[in-house]
Amino acid sequence: MSEPLLRVVNLEKKFPIQRGLLKRTVGQIHAVDGISFEIGAGETLGLVGESGCGKSTTARLILRLLDPTAGEIYFNGKEIHALSREEIRKERKDMQIVFQDPYASLNPRMTVRQIVAEPLIVHGLAKDDSDPAVDEMIELCGLSREFGNRYPHEFSGGQRQRVGIARALVTRPKLVVLDEPVSALDVSVQAQILNLLDDLREKFGFSYLFVAHDLSVVSHISARVAVMYLGKIVEIGTREEIFENPQHPYTKALISAVPLANPKQERVRKTSRIVLTGDVPSPANPPSGCRFRTRCWKAQDVCATSEPQLLTLGKSQVACHFPEK
Amino acid sequence: MSQIEQIPQSLSYWQDVRKRFFGNKISIVGLAMLVFLIIAGIVGPFISGWKYDELGPDLLVGPGSNGHWLGTDDLGRDIFTRVTFGIRLSLTVAIVVTAISVFVGVALGGIAGYFGGWVDTIISRFIDTWQVIPFVLIGFAIITVFGSSFWVIVAALVFTGWYSTTRLFRASVMQVKSLDYVEAARATGASTKRIILRHIGPNAIPPIIVVLAFSVAGAILSESVYAFLGVGFREPTPSLGVMISSSRNYLTDKPFVFFIPGSVLVLLTLSIVLIGDGLRDALDPKLRGVK
């Protein structure tokens with residue numbers, strides 16, 4: 001079996017909780033607690049989960065914007081987790097990120113052209129922002145090249161996100177991490193941006209890691225989907241499997257929360273909707289055994305004592321003692 | 001595809017700042033006052049026909065008499081010459097003090113804010129410790145030991161002023177450093193040098209410019225307070241504080257001797273504060289595009 005573009009093995013990130021004047025470490029937050037997955041060339045993996053489950057941390061770990069506590073990241077034949085700062089800097093040509101907030105992720109003092117040109121200049125692929133590749137990328141992302149001399153504050157959220165996408169794609173990276181790229185946008189603009197991302201992937205063969213909290217957005221673009229809960233992957237499989245045959249109770253609950261476009265179907269489904277009670281437990285002190293057991297309607301004694309492993313079941317992999325059939 | 005209607009050629013940040021600063025009447029008034037006082041400070045001592053320490057026969061004469069445009073003090077010295085000289089002295093001291101404080105503040109604050117960790121802890125705790133030492137007493141001690149020369153007074157004022165610029169710049173850098181676009185720059189592969197020069201620097205410096213203006217005004221006042229308390233410049237050096245201090249005995253019968261240097265001090269400080277106010281509004285990115 002050939003090596004996939006990205007392979008993550010047992011990735012872990014703990015953040016220390018510090019208190020007091022001397023910054024004593026009084027505890028740890030297990031933001032990401034041993035997750036493994038792969039992304040093939042040209043493939044899109046959707047990573048979903050609710051706020052605070054560690055999906056954005058995972059995204060930043062893969063790009064080494066954060067250093068992992070443990071685990072391995074293999075990308076494009078390189079051991080990303082073992083590279084020095086300077087080596088990783090060179091590698092960034094092939095791995096880019098699009099941020100969630102298009103208002104915060106663009107430097108207000110730089111023109112659109114300067115922003116989009118920066119990755120090229122940094123990696124020695126262009127001398128300055130007059131390189132034709134810059135305008136070409138701006139246009140590929142659906143903006144007119146006349147906008148190149150404008151500043152970010154003159155644009156709407158959707159247009160700014162196009163600038164952010166142009167910046168991420170201008171070096172033609174192999175992997176693009178999309179960290180909730182549409183969740184800050186209006187619903188009408190979300191679809192435009194998702195279509196743009198899909199078109200560009202078809203054209204250039206990028207691989208995407210698509211991080212989102214919204215399953216319907218993920219289903220639009222991902223071939224495979226991984227569901228995260230409290231620092232762990234609870235289920236991973238193809239989009240069809242996850243949506244039509246969810247096996248983990250958490251996945252099931254998430255899918256039942258996706259609104260349906262047809263009001264008649266929606267009304268019928270409302271009666272069987274799974275509504276989770278309570279909040280996500282603190283990642284500083286996660287529950288023993290299965291982390292979802294405190295909110296799970298199927299939980300039994302075994303769930304508190306032994307932690308379910310991610311096992312292949314049917315076409316997906318699931319971490320549950322009592323998966324759905 | 002989304003298109004927006006044609007909007008006029010966009011202004012760069014600094015063009016926009018200039019436009020908004022000069023569109024503000026109050027900051028223009030401040031600027032005009034300051035320019036007037038600076039010109040008076042530069043040419044005043046040359047055109048008055050008197051030397052600042054020249055003792056004359058006319059003691060405490062009112063403005064306009066015997067060729068003394070603003071009168072004379074208790075030793076018969078020309079007040080106009082001394083006041084214009086005082087503007088020169090006050091501004092020079094204040095600008096030198098602010099320049100040194102800003103240099104120290106940007107260097108130390110930038111290091112503390114950018115690198116964080118133990119470097120930041122050391123610098124921050126040092127400032128905390130420094131702060132609890134009463135600043136007027138430090139000034140007193142320095143001047144008492146080393147005498148009241150120009151550089152000693154500058155040093156005394158820097159000792160009491162450097163940490164506020166340091167803390168401010170540290171906070172400013174820390175805030176900008178945590179913004180998404182800095183992380184975005186790191187994610188594109190930009191070097192640390194490029195991140196500091198292109199992304200953090202240009203966005204962390206504007207708040208400093210405003211403080212710079214207020215710090216000049218503060219230094220002018222502190223210098224006068226020192227002089228008044230007898231630990232700053234001393235007679236016959238024509239500092240505004242020295243003049244106010246020496247004239248306080250004549251406050252009731254010859255008020256002009258007191259009020260002329262006093263109002264020049266107020267106008268000088270006020271003009272700088274007005275400019276600082278205008279700069280604060282002009283530099284605020286949230287007010288961009290607001291007329």
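How many helices and how many strands does chain B have?

## Chain B

In this predicted model, chain B has eleven helices and zero strands. Its pattern along the sequence is accordingly written α-α-α-α-α-α-α-α-α-α-α. Along the principal axes, the C-alpha atoms of chain B fill a box of roughly 85 × 50 × 30 Å.

Of the 291 residues in chain B, 41% are buried. Among the contacts in chain B with a separation of 6 or more, 66% link residues 24 or more positions apart.

## The sheet of chain A

Chain A contains an open sheet of four strands, ordered β2-β1-β4-β5, with antiparallel pairing. Because β2 (24–39) and β5 (78–79) of chain A stand at the edges and each has a single partner strand, one side of each is left without a neighbour in the sheet. Strands of a sheet pair through backbone hydrogen bonds, in either a parallel or an antiparallel sense.

Strand β4 (residues 70–75) of chain A pairs with β5(A) over two bridges, in the antiparallel sense. In this region A:Phe75 stands opposite A:Lys78, a residue of β5(A). Helix α1 (residues 55–62) of chain A lies across β1 (6–19), β2 and β4 of chain A. The angle between helix α1 and β1(A) is about 115°.

## The interface between the chains

Contacts between the two chains involve 29 residues of chain A and 24 residues of chain B. On the side of chain A that touches chain B, the elements giving two or more residues are β6 (95–98), α3 (112–122) and α5 (157–169) of chain A. By class, this side of chain A comprises ten nonpolar, ten polar and nine charged residues.

Conventions. Residues are numbered from 1 along each chain as its sequence is written. Chains are lettered from A and ligands numbered from 1 in the order in which they are written. This is a predicted model: local features need pLDDT of at least 70, side-chain atom pairs count only at pLDDT 80 or more; totals for chains, interfaces and linings use all residues. Two residues are in contact if their C-beta atoms, placed from the backbone, lie within 7 Å. Ala, Val, Leu, Ile, Met, Phe, Trp, Tyr, Cys and Pro count as nonpolar, Asp, Glu, Lys and Arg as charged, and the others, Gly among them, as polar. A residue is buried if 20 or more other C-beta atoms lie within 10 Å of its own, exposed if 12 or fewer, and partly exposed in between; C-beta atoms are placed from the backbone. Two strands pair if DSSP finds at least two bridges between them. Axes are lines fitted to C-alpha atoms, for helices over the stretch in contact, and angles run from 0 to 180 degrees between N-to-C directions.
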